[in-house]
Amino acid sequence: MKKLSELLRSKNDLTIGIICCLIGNVFYGFSYMFTRVAQRSAVPEVQLALRFVIAFILMTILLLVRHQMPSLKGRRKWPLIVCAFSVLSIYYTESLGIYYSNSSFASLSLSILPVVALILAFIFLKERPTRRQVIFSFFPVIGVVLITLANSNMGAVRPIGIIMMAICILVSAVSRVINRKYSIEYSSAERTYTILFFGSISFTITALITVKGDLSAFTYALSQPSFLASTLALSILCSIIALFLVNYSYSKLSVVRISAINTVSTVVGVLAGIILLREPVNALSAFGSVLTIFGIWQVNSSGQREQIPQVNTSGKADA
């Protein structure tokens, strides 16, 4: 009876983890479009600073109202800080990648993550992939190469954009391993709030350095309706809700499966870029997109067995 209860709990946790990760990635998919729109009125550093400051203020108000402010008293803090800055590195390189390319290319480039995440998860977390996962993980690599060639020929992607997205992919894979490792020690709320706290400070400092202390760069951006709407969407949907949901899924799913579910953000990001932003597309990039999405879908449908440690609501490991 106890084994049956544990089995049902395990399946329920897996289902909840997948649902949270899926919803979070839908919001992340639209984030590429919102970021691209916001960058029409501000450089990436200013856009990130305002996005995280707004998100931090909103989440602080929410936690104060609910009397759920995170407390790290008596607990080590450096792993949480490492988690935060690993995620912030993703936001920064991704934002620059979008700025120097387009939202469709950026979202599809990140589909290569399962390959890198699969390797790192095997080395550091001992999460052994199946043969099918290994084979189909290379499909996104080929697809992204084709998309890069197609977009470069159309002048939609600059070399610096490709470099930034390559760095973003590597940083993202490392961050997933780090977050999975410490997901049993800190709750998703604690990790999310810490990311927003350090993001609001570090991105504001970076933005002030970039614009040489010219505050008009901030006021001008906030005066633009399109920037304000996009940044509010990014702050609420992506920097709070999506970040919280995906952080929660780290305690329920393997790194390989989490990376594979990025298919959703890829599909949403590509469609939003092409349909809503009218970004260029041709036969080669379309074929690359299909190849990428098919490969990730096959990786995720491999039925890998999950072996995930359980956490309680406080974020501390269960005994």
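Modeller: Helix H11, spanning residues 225-249, supplies the largest share of the nonpolar patch, namely 4 residues. Helices (H or I, at least four residues) and strands (E, at least two) are DSSP runs numbered from the N terminus. This is a predicted model, in which local features need pLDDT of at least 70 and side-chain atom pairs count only at pLDDT 80 or more, whereas totals for chains, interfaces and linings use all residues. Residues are numbered from 1 along each chain as its sequence is written, and side-chain values use heavy atoms, without hydrogens or water.

The members of the patch are Leu-58, Leu-222, Leu-228, Leu-232, Ile-236 and Ile-241, which together present about 410 Å² of accessible area on the surface. Patch residues have over 30% relative accessible area and no salt bridge; like charges are joined within 9 Å, and nonpolar side chains (Val, Leu, Ile, Met, Phe, Trp, Tyr) within 5 Å. Areas follow the Shrake-Rupley method with a 1.4 Å probe, and for residues only the protein chains shown count as cover. One member, Leu-222, belongs to helix H10, residues 216-223. Leu-222 counts as partly exposed because its relative accessibility is 36%; buried means under 20% relative accessible area, exposed over 50%, and partly exposed lies in between (1.4 Å probe, protein chains only).

Leu-234 is found in H11 and is buried, because its relative accessible area is 0%. In sequence, Leu-234 stands 186 residues from Leu-48, yet their C-alpha atoms are 9.6 Å apart in space. Arg-40 sits in the loop that joins helix H1 (2-38) to helix H2 (44-65). With a relative accessible area of 61%, Arg-40 is exposed.

The packing of H11 against helix H9 (residues 188-210) comes next. Their axes are 8 Å apart, and the packing angle is about 135°. H9 is therefore oblique to H11. Axes are lines fitted to C-alpha atoms, for helices over the stretch in contact, with angles from 0 to 180 degrees between N-to-C directions. Angles under 35 degrees count as roughly parallel, over 145 as roughly antiparallel, 65 to 115 as roughly perpendicular, and the rest as oblique. The crossing of H9 with H11 is right-handed; in such a crossing the near helix is turned clockwise from the far one by less than a right angle, and in a left-handed one anticlockwise. In the loop between H9 and H10 lies Lys-212, which has a positive phi of about 55° although it is not a glycine. Lys-212 is exposed, because its relative accessible area is 77%.

The structure holds 2 of them, each defined as a side-chain nitrogen of Lys or Arg within 4 Å of a carboxyl oxygen of Asp or Glu. In one, Glu-190 pairs with Arg-75, and the closest N and O atoms are 2.8 Å apart. This pair connects distant parts of the chain, since Glu-190 is in helix H9 and Arg-75 is in the loop between H2 and H3, 115 residues away. Both partners are buried: Glu-190 has a relative accessible area of 7%, and Arg-75 one of 16%. In the other, the side chains of Arg-76 and Glu-185 meet at 2.7 Å, N to O. Here the partners are 109 residues apart, Arg-76 in the loop between H2 and H3 and Glu-185 in the loop between helix H8 (159-182) and H9. Arg-76 is partly exposed at a relative accessible area of 39%, and Glu-185 is partly exposed at 23%.

The loop between H2 and helix H3 (78-99) also contains His-67. His-67 has a phi near 55°, a positive value in a residue other than glycine, and it is exposed, because its relative accessible area is 73%. The axes of H2 and H3 themselves come within 10 Å and cross at roughly 135°. These two helices are therefore oblique to each other, and H2 passes H3 in a right-handed crossing.
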